[in-house]
Amino acid sequence: MDVEDLHRLVLKSLDDDQAVDVVSIPLAGKSNIADHMVIASGRSSRQVASMAAKVADRIKDSVGRTPRIEGLPAADWVLIDADDVIIHLFRPEVRTFYNLERMWAFGDSDRTAAAGG
């Protein structure tokens, strides 16, 4: 599975699980940590935890490796590191506080505006 297939898998998983305000930020050429960063919200900690577990399972089933997950017990902000795709799942208040879209936009005002920033 190549990077773009993995990216599509993540976006489809989040869509299937009714993630809110999904934003994908291309990082290729901007950072060497990943090619894509996906940021999304869940309506509650329970939904965030469920989305995180499901996307991790789908990645494992498709790619054959388990992504690294941080923040699952509280599920206010869950980070899923799938190597070429980094996924941040938030409760809405926590997402607003950290405002990762603005930090990673690198001056891309269209991307920031689309993300509500």
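## Confidence

The model is predicted. The mean pLDDT of the chain is 89. Of its residues, 89% reach 70 or more.

Residues 107-117 are the stretch to treat with care: the pLDDT there is below 50. Beyond near neighbours in sequence, this stretch has ten contacts in the model. Where pLDDT is low, the predicted coordinates should not be read in detail.

## Packing of α1 and α2

Helix α1 covers residues 3-16, and helix α2 covers residues 45-63. They pack at an angle of about 145°. Their axes are 10 Å apart. The crossing of α1 past α2 is right-handed.

On the α1 side, the contact is made by Leu-6, Leu-9, Val-10, Ser-13, Leu-14 and Asp-16. On the α2 side, Met-51, Lys-54, Val-55, Arg-58, Ile-59, Ser-62 and Val-63 take part. By residue class, the contact of α1 with α2 has eight nonpolar, two polar and three charged residues.

## Aromatic pairs

The whole structure holds three aromatic pairs. One of them joins Trp-77 and Phe-90. Their ring centres are 4.9 Å apart, and the planes stand at 35°. This pair is tilted. Trp-77 belongs to strand β4 (residues 77-81) and Phe-90 to strand β5 (residues 85-90), so the pair ties together parts 13 residues apart in sequence.

Trp-77 also pairs with Tyr-98. Tyr-98 lies in helix α3 (residues 92-98) and Trp-77 in strand β4, so the pair links parts that are 21 residues apart in sequence.

Which residues form the one aromatic cluster? Trp-77, Phe-90, Phe-97 and Tyr-98 do.

Phe-90 is buried, with a relative accessible area of 0%. Trp-77 is partly exposed, at a relative accessible area of 28%. Tyr-98 is partly exposed as well, with a relative accessible area of 41%.

Definitions and conventions: Residues are numbered from 1 along each chain as its sequence is written. This is a predicted model: local features need pLDDT of at least 70, side-chain atom pairs count only at pLDDT 80 or more; totals for chains, interfaces and linings use all residues. Side-chain values use heavy atoms; hydrogens and water are left out. Rings of Phe, Tyr and Trp (its six-membered ring) pair if their centres lie within 6.5 Å; planes under 30 degrees apart count as stacked, over 60 as edge-to-face and the rest as tilted. Helices (H or I, at least four residues) and strands (E, at least two) are DSSP runs, numbered from the N terminus. Buried means under 20% relative accessible area, exposed over 50%, partly exposed in between (1.4 Å probe, protein chains only). Axes are lines fitted to C-alpha atoms, for helices over the stretch in contact, and angles run from 0 to 180 degrees between N-to-C directions. A crossing is left-handed if the near helix is turned anticlockwise from the far one by less than a right angle, and right-handed if clockwise. Contact means heavy atoms within 4.5 Å. Ala, Val, Leu, Ile, Met, Phe, Trp, Tyr, Cys and Pro count as nonpolar, Asp, Glu, Lys and Arg as charged, and the others, Gly among them, as polar. pLDDT is the predictor's confidence in each residue, from 0 to 100.
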